Amino acid sequence: MAAPLTLLLIVAVTIRAVLFRSSLAELIPERVEVVSPLNAWKRVVEGLALLDLGVSPYAGDVFHEVSPLSIPLNESNTSIHPSIMADALTAVALYLAVKDYNKTVFRKQKYALEAERYPLDCLELIRTPKEMYYIPLKVAMFYLLNPFTILSCVAKSTCGLNNAVIALFILCTVKGSSLMSAIFLALATYQSIYPLTLFAPALLYLLQRLYIPVNWQRSSFWLFTTQYTFMYLGSLCVMVCLSFFLLSSWDFLSSVYGFILSVPDLTPNIGLFWYFFAEMFEHFRLFFICVFQINVFFYTIPLSIKLKEHPIFLIFMQIAIISIFKSYPTVGDIALYMAFLPAWNHLYRFLRNIFLVSVVLLACSALFPVLWHLWIYAGSANSNFYYAITLLFNVAQILLVSDYFYAYLRREHHLTHGLYLKRKDGSEATLVLK
Amino acid sequence: MGLLSDPNRRRALTKLLTRLNAPICVMCYLAGVAWFMGLAFEPFTLRTYMSENAMGSTMVEERFPAGERALATGREFAAHKKKVGGMPVDWLVKTMQSRGLEVFTQSFTRKLPFPDENKERYMVRGTNVYGILRAPRAPRTEALVLSAPCSEGNNNNQAVGLLLGLAQYFRSQIHWAKDIIFLVNEHDLIGMQAWLEGYHHTNTTGGDWSPLQGRGGSIQAALSLELSSDVITSLDLVLEGLNGQLPNLDLANLFYAFCQKIGVLCTIQGKLQRNDWDTTSGYSHAAQTMMLMVLKQASGRPWGDHGLFLRYHIEAASIRGINSFRQYKTDTTTIGRLLEGMYRKLNNLLERLHQSYFFYLMPSLSRFVSIGYYMPAFGLLAVILLLRALDLWVQLGASPPGTEDGVAGGVQPSSPGVLSILTPVVISHMTGVALYTLPILSQEMAVQHFPVSETEAVVLTAIAIYTAGLALPHNTHRLLQGEGTEEGWRVLKLVALLYLAVLLGCTALINFSLGFILALSLVPIAAFITPHTPKALSAAIMVLLSPGCTLLYCVFVFQELQETPVSLQDGWMLFLSVISQGILDHALYGSLVYPLLALLIYPCWLLLWNILFWK
């Protein structure tokens with residue numbers, strides 16, 4: 001399996017290297033769909049230049065990156081840009097993580113089969129090693145060859161770096177190393193706050209791995225939870241303090257986290273914030289910012305309760321929700337959760353709107369640049385046109401995620417209650433989601 | 001969300017859509033065409049009205065007196081032009097200076113990729129002369145442009161004369177709040193392109209020009225004047241610009257309002273307005289006017305010197321004087337008053353023109369169809385593609401809607417290899433790239449080996465590659481020996497349908513007319529092509545509805561609508577020159593129609609062609 005992965009990596013790096021040298025390399029970093037004020041390479045360069053001059057990089061309103069992370073980028077005189085390396089790293093991490101996860105899933109399924117816990121008519125829902133064999137490779141392929149990832153990489157957006165950190169976090173979690181998992185989670189949180197919501201699934205997974213039931217009365221549960229929380233908060237503290245000592249000022253707090261949370265930059269992007277807050281009266285702003293931001297974090301609780309047996313799926317859901325509802329989303333964020341789709345291809349038969357959703361996503365991706373052109377260059381359309389497409393794009397994403405969620409629950413339901421459901425009177429029943 | 005989540009209702013809907021798919025598609029097509037034709041019917045259109053507050057109720061008096069003197073200047077200009085044998089730069093500079101303008105010149109050279117046989121030019125060298133009248137009443141941050149081309153022979157001398165006359169008259173007035181730039185451009189659009197790029201510090205098409213020495217503020221609006229006789233019968237308004245872009249409708253409204261006020265006959269597409277909309281001839285007149293606009297817009301070329309302004313977000317139109325055999329004539333003084341009035345109103349603008357529509361079609365000067373009314377016509381055509389795609393999806397058996405429960409879903413069909421789909425897609429696009437690049441690259445070779453001129457070489461190479469593309473399916477088949485499954489063509493067709501739908505949708509947003517004409521010809525074949533239809537007949541239909549043939553029909557229809565019908569022979573020659581003009585427009589001004597057709601639409605059509613010959 002290593003050979004195809006190597007081949008894939010070579011192909012992916014070649015595509016990126018070719019694009020880096022083409023004329024597109026100047027065009028793509030200007031696209032608002034690909035870079036946001038948070039991760040634009042132009043801003044990183046500016047911030048580092050300020051740092052070189054001995055000025056705080058956060059002095060202006062340009063740089064919103066946490067500094068220690070972007071310093072290694074400065075020494076990037078090598079021929080391969082760090083964003084390519086980050087992409088490759090993400091793909092390998094996802095590959096290994098999914099491989100390991102599939103092993104776990106398969107083992108669990110075997111135990112359940114031996115214990116005869118599945119109803120008899122569910123045999124066609126059982127996953128076979130044959131179909132699972134290529135899933136890790138497909139995941140890596142979905143990440144590396146996704147046009148969204150390629151665009152984001154060619155734009156040198158630091159989004160690839162965030163994705164790499166999250167992928168490493170998933171890998172460490174799946175491997176069961178709680179310390180590394182906590183450190184990477186802290187790193188991801190430190191970069192962009194939102195991955196905070198991944199704390200719950202990581203904890204659930206690690207508990208599951210150690211066979212500790214989620215039970216409020218058990219002391220072992222509390223012990224591990226406290227342990228993990230301490231590791232997480234401790235490493236977060238270390239990172240924040242490190243940034244403080246590096247620049248000896250707390251400027252970065254307001255400039256990075258304040259910037260993410262209070263959304264002062266209303267440059268159009270593929271998210272939901274900019275139009276809404278551009279239109280709003282100033283005195284409602286605080287209230288709605290709170291509402292919009294709580295929205296991102298809110299889903300953690302119900303989803304954790306519903307999916308507490310399936311933490312990796314929960315991680316997927318959380319990443320998707322973050323990339324849809326975060327304040328400055330870019331296509332690079334979407335690419336990360338889309339990479340997981342092959343891991344759920346056994347849910348395919350239960351998906352209901354996949355055709356509609358993929359058509360809408362496809363059409364919207366094509367319409368973004370067209371409507372941007374009409375709005376900004378031709379001047380004949382206006383921001384409403386662009387926002388309409390943004391809305392549609394996000395609705396399609398939400399439909400996609402909820403479709404997968406529904407399909408997952410549905411499969412679990414069938415695995416416990418049998419595939420062919422009967423009504424009380426014996427006729428065939430259908431499940432309705434209300 | 002009830003419809004999306006309730007499996008029973010979903011199943012009913014899908015069943016309905018798949019069973020009645022063909023009749024629904026036919027209905028949609030007919031409805032789309034009918035809707036489009038209905039757009040020209042007067043009760044369905046809106047009357048134009050002035051949306052811009054600053055140009056609406058303000059009173060403006062027109063007092064331009066010096067028409068005769070302007071004509072005299074025009075004659076003087078003509079004499080100097082004849083003497084120099086081109087643009088009389090020195091005379092123009094002197095004359096403009098004597099009228100109190102700040103005068104600057106800009107020289108430019110341009111080598112065309114191949115000789116332009118229509119205008120007989122290859123190496124172009126010229127000079128633009130422009131004078132700026134500085135605004136006495138404002139900080140000079142905004143400007144208006146009045147331009148007149150200095151053309152070959154005896155054309156447009158009166159336009160330059162009137163321009164100079166207006167410059168002198170405007171100089172004496174005190175109410176200008178915007179700089180007014182009087183521009184005389186040589187070599188029509190090439191000069192205009194050089195001047196605009198110089199003004200905005202851009203260089204999009206690799207022209208070579210000297211930088212501008214003087215500038216006004218940001219240009220708000222521009223008019224281009226074409227006038228070739230001392231008296232005229234009517235004024236024609238030309239709106240269509242580069243890539244089918246149109247100026248804000250308020251500019252057309254302004255022109256119409258002043259024509260009404262001063263009493264000048266005005267036309268659009270060279271067609272007068274008629275009041276008998278309820279008669280058949282009245283309707284067909286409006287329909288013809290609208291179709292002309294659609295054809296002109298679809299061509300994506302600038303139809304007057306104003307066409308390039310639109311790219312820079314500047315509202316612009318061309319005004320063309322027409323002298324026909326009508327009794328009632330308008331003299332130059334009146335045209336001068338009309339222009340004075342328009343500039344006075346434009347001078348009152350507080351912001352760029354943005355209140356009115358940018359997407360519209362005009363069946364007459366006083367009526368318009370806005371985007372909300374004409375988009376459904378395209379939507380009805382586009383929905384056919386989606387319905388067919390849905391039908392295919394259901395047929396492919398992978399669709400949850402058909403077997404909603406996942407329960408009844410039988411064995412998952414083994415999906416055909418990605419390779420068998422990818423190969424035709426890649427090959428079609430390679431052909432497209434060849435069609436885009438080869439004609440210009442290989443012109444020298446073609447000229448050496450065949451007895452043709454460069455222009456003919458380019459056009460004929462393009463046609464040859466286009467035709468050669470038809471031979472491809474047989475070759476792709478050899479590559480895919482044994483892979484031509486029933487599944488295979490269905491997946492390929494699904495891809496082609498969605499591709500075409502997205503492509504046409506994007507095209508229609510940027511240039512409705514182009515999108516609609518392409519949809520009209522491509523949607524039927526995309527919807528009903530399968531490998532099982534009779535080969536010879538379907539192949540003939542496909543060729544007849546291919547993008548190239550559509551272009552040929554458009555040429556004939558356009559000539560017919562302009563009331564200058566051509567014979568088959570002339571039509572063919574015209575078709576060849578249209579192709580060469582299209583390639584030139586792309587190279588010179590960055591028009592997107594040729595790359596769109598070559599790189600995207602044609603490969604898409606080839607995909608469909610591939611399906612027909614799927615074994």
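Mentor: Start with Asp188(B) and Arg121(B), whose side chains meet in a salt bridge at 3.5 Å, N to O; the term takes a side-chain nitrogen of Lys or Arg within 4 Å of a carboxyl oxygen of Asp or Glu. This pair ties together distant parts of the chain, with Asp188(B) in helix 8 (residues 188-200) of chain B and Arg121(B) in strand 3 (residues 121-133) of chain B, 67 residues apart. Helices (H or I, at least four residues) and strands (E, at least two) are DSSP runs, numbered from the N terminus. Arg121(B) counts as buried at 11% relative accessibility, where buried is under 20% relative accessible area, exposed over 50% and partly exposed in between (1.4 Å probe, protein chains only). Both residues also belong to a network of salt bridges that takes in Asp116(B) and Lys119(B).

Keep in mind that this is a predicted model, where local features need pLDDT of at least 70 and side-chain atom pairs count only at pLDDT 80 or more, while totals for chains, interfaces and linings use all residues. Side-chain values use heavy atoms, leaving out hydrogens and water, residues are numbered from 1 along each chain as its sequence is written, and chains are lettered from A and ligands numbered from 1 in the order written.

Now look at Glu142(B), which forms a salt bridge with Lys178(B), closest N and O atoms 3.1 Å apart. Glu142(B) is in strand 4 (residues 142-150) of chain B and Lys178(B) in the loop between helix 7 (157-171) and strand 5 (179-186) of chain B, 36 residues apart. Lys178(B) is buried, at 2% relative accessibility. Over all chains, the count comes to 22 salt bridges.
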